[in-house]
Amino acid sequence: MAEADLKQGAAPFRIYRGIDAPDLNETDKMTLAGLTPIVEAGIGRWVEAGVGEGNITKVLFSLPHMSLTYAWFKSGFALPLHSHDADCLYYIIAGSLKLGTEELGAGDGFFVGSDVPYTYKPGPDGVEVLEFRTVESFDMKFQGRTEAYWDKVVAGMEAARPNWGSETPPSARG
């Protein structure tokens with residue numbers, strides 16, 4: 001298909017394979033925004049507390065006006081309150097999560113509008129989600145503005161981390 005067709009919104013037929021999906025952190029699809037010294041220090045502490053051990057996030061597909069990301073968050077992973085500059089529709093493949101007072105499981109989902117802060121906590125078996133966005137690239141703005149907030153996030157990671165070594169994705173347990 002010609003490049004002009006892409007600019008007009010027509011998308012080519014594409015197949016993607018999960019096995020070929022790059023890790024989100026190895027792409028330029030997500031950037032950090034709204035950083036302050038406290039947020040930067042908090043992110044550093046969060047990373048040291050086990051971010052890389054507690055989740056896997058892969059970009060399955062992306063075009064200028066659409067992207068699909070797979071994420072597996074292990075049990076108890078502390079996902080800080082954050083927002084993105086793009087709408088996102090989440091679909092739960094397996095496992096569960098708690099979003100506010102709501103417990104959601106496989107087959108459930110939720111929509112988060114652009115720049116709306118949110119967080120969720122993976123359930124006891126972790127959670128696997130698909131993230132659908134109408135953009136190729138997006139930002140992530142962490143909302144935790146105090147050291148006390150980041151102390152809680154890091155404590156949550158440290159409490160959950162000992163369980164992660166033996167965890168497998170909930171979809172593989174079926």
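Predicted model: local features only at pLDDT ≥ 70, side-chain atom pairs only at ≥ 80, totals over all residues.
The buried residues in α2 are V39, G42, I43 and W46. These residues cover an arc of only 100° around the axis, which puts them on the same side of α2. The spacing follows a general rule: an α-helix has 3.6 residues a turn, so residues three or four places apart point the same way. The opposite face, turned away from the buried side of α2, carries P37 and E48, which are exposed.

The helix itself comprises twelve residues, 37-48. From its first C-alpha to its last, α2 reaches 17 Å, close to the 16 Å expected at 1.5 Å a residue. After α2 comes G50, a residue with a positive phi, near 125°.

Leaving aside residues up to four places away in sequence, W46 touches V51, F77, A78, P80, F142, W150, V153, V154 and M157. The largest nonpolar core has 29 residues, and W46 and Y120 touch the most other members of that core. At least two residues of this core are supplied by each of α2, β3 (66-73), β5 (88-99), β7 (109-112), β8 (121-133), β9 and α4. Helix α4 gives the largest share, five residues. Apart from this core lies another, of eight residues, including L60, F61, L63 and L68.

Note on methods
Residues numbered from 1 in each chain as written. Heavy atoms only, no water. Helix = DSSP H or I, 4+ residues; strand = E, 2+ residues; numbered from the N terminus. Expected span 1.5 Å × (residues − 1). Buried < 20%, exposed > 50% of the residue type's maximum accessible area, 1.4 Å probe, protein only. Arc of directions from axis to C-beta. Core = buried A, V, L, I, M, F, W, Y, C linked by side-chain atoms within 4.5 Å. Contact = heavy atoms within 4.5 Å.
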